[in-house]
Amino acid sequence: MSELLSMKGITIEFPGVKALDNVDFSLNAGEIHSLLGENGAGKSTLIKCLTGVNHMDEGKIYLEGKEIRPSSPMEAIETGISTVFQEVNLCPNLSVAENIFVGRQPMKHRQINWREINRRAEELMSRFHLDIDVTRPLSYYSTAIQQMTSIARAVDIQAKVLILDEPTSSLDENEVQLLFNVMRELKDNGMGIIFITHFLDQIYAVSDRMTILRNGHLVGTYGIKELSKVELVTKMVGKDMDVIFNLKRADVKPDSRITLQANHIGDSSHIKDISLTLKEGELLGFAGLLGSGRTETAEMLFGASRIVQGEIILDGTKLNLTKPFDAIKAKIAFCPEDRKRDGIIGDLSIRENIMLAVQSRKGFMKPMTRQEQTDLANKYITLLGIATPDCEKKAGELSGGNQQKVILARWMAAEPEVLILDEPTRGIDIGAKAEIQRLMLEMCGSGVSVIFISSELDEIIRCSNRIVIMRDREKVAEIDGSSCTQQDILKIIAEGAA
Amino acid sequence: MHNRQSLLNRITNPKYIMVYATIGIFLIVYAFGAFMYSDKGFLTIRTFANLFIDNAYYGISAVGMTMVLITGGIDLSVGAVASLTGMFIAYGTTVLGLHPMTCILASLVMGVGLGLLMGWVIHYLNVPPFITTLTGMFFARGVCSLISRESIDIHHPFIDALAGWKIYLMKYANGQWVRIRPIAFINFNVILFVIMIIIGTFILQRTRFGRNIYAIGGNEQSASLMGLPAGRTKILVYGFNGLCSVLAGVSYALYVKSGWNLSLQGGELEVITCAVIGGTLLTGGVGSMIGTLFGVLLKSVIPALITFNGNLLSWWGKIATGLLLLLFICIQRFVVTSAGKRK
């Protein structure tokens, strides 16, 4: 195998920190190479350096033996390095075909040749076994197809190096397999692929080698068979795995009182007839595919979407939830799935983000003093181990895991009785994940009832007392968390009722 | 294989929904007029041609405005720039004795220059388009009043010839061409409007520059990451809109044959209305010239209906236009949300 790309001694300094310190990286032609590390380890910085977004202070990059120094994304693309980002970076209003060719449309008589664009786009998509109408707007299709479109664009540009930055975080199982098939096909054609993901199984499923970074330093490059999963995680976090995986399920006594009860609730879309009960100090997991109705159910419990049938009972009293504020008053808290959009307010400081829910419940006529706010924020910063110099840092500048902790802190400070967490561990690294799980379980220990929504079955099984399984916007089963396996759940999701 | 060639599939492509809505509502309103006032001659070609003649200057400006709106921006300076063009022509020919072409040339330099400058400020200084072009509007309106605070008539053989030039619509009857009855004609303004619509369509559909406009309106950050020249495109769009404003000003000057510092006040809002009821999304990314053409016709058929009725106050026209605008904003909202839900 020939070496396609090589990065030597890359050092990047930001004011105050060395984001990358003398890191080497190498990629062969026809190889899928995973890049691993916790958030803040320097993966994105390395990628940004390669794509010309960040500029390196020291080091050299060689592509096919020639030194390159990309200074903008455009230049990187021209030298043959294409990137598919986690969030789809295409234009939703343009057609699928146009998204592949915009900026470099084939011309005929100095006019855009639409026939050619559509024909070639169809050819590309059929290579990925997608039989779709490429003339429809991109927004008409699912995220998976949008990702494929993004990859098709990179393929058609004839990229030599393709960087896939968390491409699977919003795909379901089948879509991930489809993506992997495409990746393998591209690899067989001699393309070098850099693959970044938080899903360890996926790394083992598809890559040839992996490079691990930690705190801006290179830990090492290994063949896929050289390291077991546990060894890999240990190298990534630099801590012993026992600390991470030794979590104790919440302890619920059979006679604990029921805090929240939902009877046959449904909303105006298609969610119908969901019933569940939640005991004091219990952790109830919600499993199911994306779009199975997990989030919609949570939103109903929080008053974010209107209930048109059924009733919700909290501590024996029927609740009339018409807006989230009603739920907050009733001590129900909700951390939404998309923390950037619905949770964290990036321009406010950590202190302000944490105090929001407390203040909202107290009412704005009784403002907290600055000292109270600072004390509150500092308490949770220490308690949750939020990595920040002080509580006045803007929340938007924190890493994903730390932002998630700030949202958790916001609701912990509000002392809720019921806490609903929608995908709290999505897109954060394994160390932070374990810590979020630990915090969740600690809250259960102090008597809070928690509803935990996640697409990762292993963490649902690890933490939940009971697991509700959703499928096609219906609750299909409820099983005991301590005595089930991933296979059990997958089988129920695949086949319907237990 | 998915058959994208099939006619039905092409017709049902969701990207055309807004244009269908515009054309559909125009046909309904027109049919209503035909039903109510056909005895007064609403259905004649003359009435139809007058829709173009009386609104050509708005239409010309709407061509540039559509592009600006597709990028996700807005331009409030178009009315003032058109008015300033009228002042340039009126003051230049009547007071200074210059040839009108010289005045138009100077207006073009002024209008395109101001447009490019505003585009530059919007992109590189990151000032919101609303504020930037509001400044441009006050600037242009101010210069109008500096030139003269009274209306100046335009008397120049060139302008008279251009304004008076018309093509009569003919029909072939009894072996010879005769003018149709009642007499109908189109003039220079109408031809300019139609040419601008054709040029606009060509730019938007057939050039990379045009497609970049859509891409930027769809998601500017993505467009830059795909390597599209976002800055250059935006600056040129505002420049082109400046050109359209000046041509609209020329057309308006030919229509009223005078220049006045307070003419076309609020004209920018009329122009934006035309584009929006023509299916252009104010949030950017969606719009078309054919939609804008029908938007202009739809907006201008309402005053025509009121004239034909004869008993209604002309202000009812404003109310009807307001309702139309509301209707279209609701349709857009519906289309946008239903597109989001399908995922």
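**Briefing: chain contact, a helix pair and a sheet**

The contact takes 27 residues from chain B and 26 from chain A, where two residues are in contact if their C-beta atoms, placed from the backbone, lie within 7 Å. This is a predicted model, in which local features need pLDDT of at least 70, side-chain atom pairs count only at pLDDT 80 or more, and totals for chains, interfaces and linings use all residues. Residues are numbered from 1 along each chain as its sequence is written, and chains are lettered from A in the order in which they are written.

**Side of chain B that touches chain A**
- Helices H9 (208-218) and H10 (220-225) of chain B each supply at least two residues of this side; helices (H or I, at least four residues) and strands (E, at least two) are DSSP runs, numbered from the N terminus.
- H9(B) gives the most, with 6 residues.

**Helix pair in chain B**
- Helix H3 (residues 45-70) and helix H12 (residues 267-277) of chain B pack at an angle of about 70 degrees, with axes 8 Å apart; axes are lines fitted to C-alpha atoms, for helices over the stretch in contact, and angles run from 0 to 180 degrees between N-to-C directions.
- Tyr58(B) and Leu69(B) are among the H3(B) residues that meet H12(B), whose residues there include Glu270(B) and Ala275(B).

**Sheet in chain A**
- An open sheet of 4 strands has the order S14-S13-S16-S17 in chain A, with antiparallel pairing; two strands pair if DSSP finds at least two bridges between them.
- Strands S14 (274-279) and S17 (317-319) of chain A stand at the edges, each with a single partner strand, so one side of each lacks a neighbour in the sheet.
- Strand S13 (residues 258-267) of chain A is joined to S14(A) by 5 bridges.
- Ile258(A) has Lys279(A) in S14(A) as its bridge partner.
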